[in-house]
Amino acid sequence: MTMLYGHAFLMGAGLLLMAVGVSVAKFLRRRRWWLKVHRVTGSMIPVCLAAGLSAAVVMISQSGGGHFRVPHAWLGITAILAGMTAPVIGVLQFRFRDKILLLRSWHRRTGYTALLLTLLTLLSGLAVAGVI
């Protein structure tokens, strides 16, 4: 049961960080500090998601269940991939200035997609756990 709480906490933290990162970029862009906060949250998201994934793998292994047997797992791995890809693209846009418009567009799309997928994964996880 402890792994379930660890998984839920870490994935919830990842979702919260995504929401903060998107909100800061969307609504507080005129502030001088917005990019620093956006970068910090963006760098913490993959850490939380990877740790949450690890907790899920251990939890499923201990229960004797099979991995990827429910839609929650498939949504989750897709959300994690998007959540880890968005910060990488965000960094790349500052490295390859000649492709900045293309990379910025992909960074935004991937970030919004990751946030939406993570929210859907949270709801499906609550359904699997019997909460909703």
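**Figure 1. Contacts of threonine 110 in the predicted model.** Leaving aside residues up to four places away in sequence, threonine 110 touches Ala82, Thr85, Ala86 and Ile89. The structure shown is a predicted model. Threonine 110 itself is found in helix H4, which covers residues 100-128.

**Figure 2. Burial and polar surroundings of threonine 110.** The relative accessible area of threonine 110 is 12%. Threonine 110 is therefore classed as buried, a term that applies under 20%. A polar atom of the threonine 110 side chain lies 2.6 Å from the backbone oxygen of tryptophan 106.

**Figure 3. Helical elements of the protein.** Four helices and zero strands are present in the protein. Read from the N terminus on, the order of elements is α-α-α-α. Helix H4, with residues 100-128, contains threonine 110. The C-alpha trace spans about 50 × 25 × 20 Å along its principal axes.

**Figure 4. Contacts and surface of the protein.** Of the contacts between residues at least 6 apart in sequence, 72% join residues that are at least 24 apart. The protein has 132 residues, and buried residues account for 32% of them; threonine 110 is one of the buried residues. The accessible surface of the protein amounts to about 8600 Å². Carbon and sulfur atoms contribute 71% of that surface.

Technical notes: Residues numbered from 1 in each chain as written. Predicted model: local features only at pLDDT ≥ 70, side-chain atom pairs only at ≥ 80, totals over all residues. Heavy atoms only, no water. Helix = DSSP H or I, 4+ residues; strand = E, 2+ residues; numbered from the N terminus. Buried < 20%, exposed > 50% of the residue type's maximum accessible area, 1.4 Å probe, protein only. Contact = heavy atoms within 4.5 Å. Areas by Shrake-Rupley, 256 points an atom, 1.4 Å probe, with all protein chains shown as cover. Polar contact = N/O pair within 3.5 Å; in protein donor to acceptor, adjacent residues only side chain to side chain.
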